[in-house]
Amino acid sequence: MRWKRARAGLGGELYAHLLDQRDACVAEGMDEEAAIAESLRQMGDPVDVGTQLDRVHRPKPQWGALALVGLLLLIGCALSVSLRRVAAADPMLSAPAYYEQRWIIYALVGSAVLLLAYFWDYTSLGRRPLVFFGGGTAALCWLWTHSLLFNGARYQAKYYILFAPVLMALLLYGLRSKKWLGFVACLGASAAFVLAALCIPSVACALLVGMTCVLLTLVALWRGWLGLSQKQAAGLTCGWGAAALALFLLIGARCGDYFRHRIYAVLHPETDPLGRGYLPTVIRALLRGAKWTGEGDLGEVARALGQSTSAVETLLPEIPSDFMLTWVIYRFGLLAGLALVGLLTALIVWMFRKALRQQGMLGCLLSLSAACVLGIQLVLYTAQNLGLSLFGALSLPLLSYGRYTVVNLALIGLALSVFREERLPGQNGLSVRRAGNAEKALIFWRDGDLVIGLSRLRKQ
Amino acid sequence: MDMDKSGLSGSADMLIMTLLRERDMYGYQMIEDLRRRSDHTFDLKAGTLYPLLHSLEEKGWVTSYQDAAGAARPRKYYHLTDAGGERLREKWERWRRYARAVDRVLEGGECFG
């Protein structure tokens, strides 16, 4: 077998088989040495066995996903160049070159991080998951407290907090089968991460972190990885949902006017088109004036705002980071916007499906955390760029400008590392036998014996 | 009789999946069960069994888990999935058609069916 990491997992199973065979031979009257020799003979030709196992156990390169990520990065780079050229052609527009230069730097650094994560042995996290969780959380706290404060917000903390779901996955794995203790600890950790996001302050980050932590915990509950039964899992799910909703309403009530005005601005932007409703008004007018292909019409915007304008780049702030999708739809057409969202959706849906098919708990939760973070970013960004900016947006993964590119590429690399090694034997050794299996029944088979659980009869 | 390579080729996965259909088993148990039920006709080597099991697992027809309950050492058990059950039914059907065809040839005569 050429894949060295696969040998360890297989070795245990084959060794156990050898021991069973040896014990059987000894039971038939052979001495120890003869029994061992016979067991080895029964295994077959070692070269033949190794060759057959090598055919089955090989890393699974994720060429398709890597190609798609590369394509998206190239598109993002092209869009950044295109935006700068459009802005440079109009003397009324400022077009800082650093957006393009920094985008390329972030893409290159992020690509290096993706490849590092892709070839790295993610299972090493599983050897000391609680240690990695503790270290990661401590690093997150340090980075959070040392983030630069700008306009009352810790903008850099928004990047770091996106790794919180990965830490949550490690905590869940470290507390597998700990039942109520595990569940309460995970609940506490997810609440702490959400609070940290709210203190940035960023409702979008809090929503992303909260939803991802909830999803990861629900998956762990339903698959029996926390050692609780299906009924208990159902009860916890309902209880958790009710508690989260109550908390959200409480925060909304305490924040008072802020949320009400924000919701009203989204629902009726026309009541204050130059104030709170400006961005939804402009975005929706741009979308109404957009064509299926080619540049749109600014007439709708002029009618909506009651004033003329010469370039879309003067209407929207921070296009490279916050409104790239709206700009693409206006400049290149609806089809171009749909294509971009479609490509990203395809990548993220593929990641979700692969993640949920993982048999091993650690691989499933890590890849699922990455898929969730990317998916929620896409949903929030698309909503904002369609004029439904209730929570603000973080990034359009791999396409918009910002250090989120590095974070997103690191998460994609981690997920692809899991998918690449899904053939690693012994992965299912990282999964815990589910609660509620056959042996919970009154009558079941074990090692050829029919077992009747009389103690369960008494309990019943 | 050792029919490891010739007799079992092409049918080993069907036989193993049939055993797993009845209950979850570990590797050595499957070899012993197969040997006993076939009256020592099928003597599957461990070096053939494990690549086969891992290949079935990779296709999603079986899953595996560790279980140490009631045993001297932890063992890796295999379980037939729903997809594996479907595949097994198809294989059974193909085997029955094959066996009927062979019987007709061996018994000779016209087939009015």
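This is a predicted model: local features need pLDDT of at least 70, side-chain atom pairs count only at pLDDT 80 or more; totals for chains, interfaces and linings use all residues.
Local features were taken from residues with pLDDT of at least 70 and side-chain atom pairs at pLDDT 80 or more, whereas totals for chains, interfaces and linings use all residues; side-chain values use heavy atoms, with hydrogens and water left out. Residues are numbered from 1 along each chain as its sequence is written, and chains are lettered from A and ligands numbered from 1 in the order in which they are written.

The secondary structure of chain B consists of 4 helices and 3 strands, where helices (H or I, at least four residues) and strands (E, at least two) are DSSP runs numbered from the N terminus. Read from the N terminus, these elements follow the order α-β-α-α-β-β-α. Of the 113 residues in chain B, 48% are buried; buried denotes under 20% relative accessible area, exposed over 50%, and partly exposed the range in between (1.4 Å probe, protein chains only). Contacts are defined by heavy atoms within 4.5 Å. Among those in chain B between residues at least 6 apart in sequence, 47% join residues at least 24 apart. The accessible surface of chain B amounts to about 6200 Å², and carbon and sulfur atoms account for 51% of this area. Accessible areas come from the Shrake-Rupley method with a 1.4 Å probe, and for residues only the protein chains shown count as cover.

Side chains of opposite charge can pair when their charged atoms come close. A salt bridge was assigned where a side-chain nitrogen of Lys or Arg lies within 4 Å of a carboxyl oxygen of Asp or Glu.

Another salt bridge joins the side chains of Glu22(B) and Arg37(B) at 2.3 Å, N to O. This pair links distant parts of the chain, with Glu22(B) in helix H1 and Arg37(B) in helix H2 (residues 27-37) of chain B, 15 residues apart. Glu22(B) is partly exposed at a relative accessible area of 45%, and Arg37(B) is likewise classed as partly exposed at 44%. Arg23(B) also forms a salt bridge with Asp33(B), with the closest N and O atoms 4.0 Å apart. Arg23(B) lies in the loop between H1 and strand S1 (25-26) and Asp33(B) in helix H2 of chain B, so the pair ties together parts that are 10 residues apart in sequence. Arg23(B) and Asp33(B) are both buried. A network of salt bridges links Glu22(B), Arg23(B), Asp33(B), Arg36(B) and Arg37(B).

Patches were built from residues with over 30% relative accessible area and no salt bridge, like charges being joined within 9 Å and nonpolar side chains (Val, Leu, Ile, Met, Phe, Trp, Tyr) within 5 Å. Lys and Arg count as positive and Asp and Glu as negative, while His and the chain ends are not counted; each charge is placed at NZ of Lys, CZ of Arg, CG of Asp or CD of Glu. Arg94(B), Arg97(B), Arg100(B) and Arg104(B) form a positive surface patch. Of these residues, Arg104(B) lies in helix H4 (residues 82-107) of chain B and is partly exposed at 45% relative accessibility. A nonpolar surface patch comprises Trp95(B), Tyr98(B), Val102(B) and Leu106(B), which together have about 440 Å² of accessible area. Val102(B) is also located in helix H4 of chain B and is partly exposed, with a relative accessible area of 31%.

In chain A, 11 of the 11 residues of helix H8 (residues 164-174) are buried, so this helix is largely enclosed by the rest of the structure. The cover of its buried residues includes helices H6 (129-145), H7 (157-160), H9 (179-198), H10 (203-222), H18 (361-385) and H19 (404-420) of chain A. Ala415(A), within helix H19, is buried at a relative accessible area of 0%. Residues up to four places away in sequence aside, Ala415(A) touches Met351(A), Ser367(A) and Ala370(A).

Backbone geometry in chain A includes a cis peptide bond between Ile200(A) and Pro201(A), with omega about 5°; Pro201(A) is situated in the loop between H9 and H10. Leu398(A), although not a glycine, has a positive phi of about 75°. Leu398(A) occupies the loop between H18 and H19 of chain A and is buried, with a relative accessible area of 1%.
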